[in-house]
Amino acid sequence: MKTPTKMRKAHWIPVVAGFLRRGNQILVGQRPENNSLAGQWEFPGGKIEGGEGPEVALARELEEELGIEAQIGELKFSCTHSYGDVNILILFYEVLYWKGEPKAKHHLMLEWIHPEELIHRNIPEANRKMLDRIFKALGVPWQK
Ligand code: DGT
């Protein structure tokens with residue numbers, strides 16, 4: 001028997017994302033075409049795969065997406081977001097050290113931007129509603 005929508009268990013996906021800093025800029029990547037949220041600017045990262053710890057997952061994603069060998073730093077904060085029948089839990093980490101120069105192996109393009117510019121970019125709703133926390137984590141004064 002089909003479970004009525006209301007009674008169906010929410011589906012949760014754990015996601016990790018990294019704040020890579022260069023001076024007072026931060027690295028963002030534009031999500032590729034034929035992908036969910038195509039064209040939006042995000043922090044590098046992705047879904048945790050079965051059995052991985054979050055730091056291992058983020059190091060793997062940064063290797064796959066940027067071609068760097070990163071040392072994952074402190075967990076800055078987490079947030080949840082619902083896309084209807086799918087919910088995500090995102091863990092945002094500081095990434096202070098890495099080997100290699102980030103290259104767009106997955107994103108349409110990468111950009112180093114001043115965090116304040118995030119206000120004007122097309123960013124995932126999950127991140128937009130957390131901009132105050134993101135700015136706080138990045139040490140940027142926040143004005144609405
Ligand atoms: P795949 O293999 O195509 O499922 O891709 P993954 O594992 O690289 O994961 P991805 O990037 O499609 O999934 C991350 C989810 O988290 C996606 O629904 C977008 C959402 N998200 C919201 N904010 C961010 C962010 O700042 N960075 C990343 N990477 N994902 C974010």
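This is a predicted model: local features need pLDDT of at least 70, side-chain atom pairs count only at pLDDT 80 or more; totals for chains, interfaces and linings use all residues.
**Charged pairs, rings and a ligand**

Residues are numbered from 1 along each chain as its sequence is written, and side-chain values use heavy atoms, with hydrogens and water left out.

Side chains of opposite charge can pair when their charged atoms come close. The term salt bridge is used here for a side-chain nitrogen of Lys or Arg within 4 Å of a carboxyl oxygen of Asp or Glu, and by that rule there are eleven salt bridges. One of them joins the side chains of E49 and R60, at 3.7 Å from N to O. R60 belongs to helix α1 (residues 54–66), whereas E49 sits in the loop between β4 (45–47) and α1, so this pair ties together parts that are eleven residues apart in sequence. The helices (H or I, at least four residues) and strands (E, at least two) that I name are DSSP runs, numbered from the N terminus.

Elsewhere, E69 and K99 meet through their side chains in a salt bridge of 3.7 Å, N to O. This pair links distant parts of the chain, since E69 is in strand β5 (residues 69–71) and K99 in strand β8 (residues 97–99), 30 residues apart. Both E69 and K99 are exposed. Returning to R60, salt bridges that share partners join E49, E52, R60, E61 and E64 into one network.

Let me turn to the rings. How many aromatic pairs does a search of the whole structure find? The search gives six, where rings of Phe, Tyr and Trp (its six-membered ring) pair if their centres lie within 6.5 Å, and planes under 30 degrees apart count as stacked, over 60 as edge-to-face and the rest as tilted. F19 and F92 make a stacked pair, with 5.5 Å from centre to centre and 15 degrees between the planes. Because F19 lies in strand β1 (residues 11–22) and F92 in strand β7 (residues 86–95), the pair ties together parts that are 73 residues apart in sequence. F19 counts as buried at 2% relative accessibility, and F92 is buried with a relative accessible area of 0%.

F92 pairs with F43 as well, here edge-to-face, at 6.2 Å centre to centre and 85 degrees between the planes. F43 is in the loop between β3 (41–42) and β4, and this pair again links distant parts of the chain, 49 residues apart. Like F92, F43 is buried. Ring pairs link F19, F43, F77 and F92 into a cluster.

F43 brings us to the ligand. Which of the 16 residues around the ligand come nearest? They are R31, E42, F43, K47 and N127, and a residue is called near if one of its heavy atoms lies within 4 Å of the molecule. For polar contacts, the rule is a pair of N or O atoms within 3.5 Å; within protein, one must be able to donate a hydrogen and the other to accept it, and residues adjacent in sequence count only if both atoms are side-chain atoms. A side-chain N or O atom of E42 is 3.2 Å from a nitrogen atom of the ligand. In the side chain of N127, an N or O atom lies 2.8 Å from an oxygen atom of the ligand. Taken alone, the ligand exposes 620 Å², and the protein buries 81% of that, with areas from the Shrake-Rupley method and a 1.4 Å probe; for residues, only the protein chains shown count as cover.

I close with a loop. N34, in the loop between β2 (25–30) and β3, has a positive phi near 40 degrees although this residue is not glycine, and N34 is exposed, at 81% relative accessible area.

Conventions: Buried means under 20% relative accessible area, exposed over 50%, partly exposed in between (1.4 Å probe, protein chains only).
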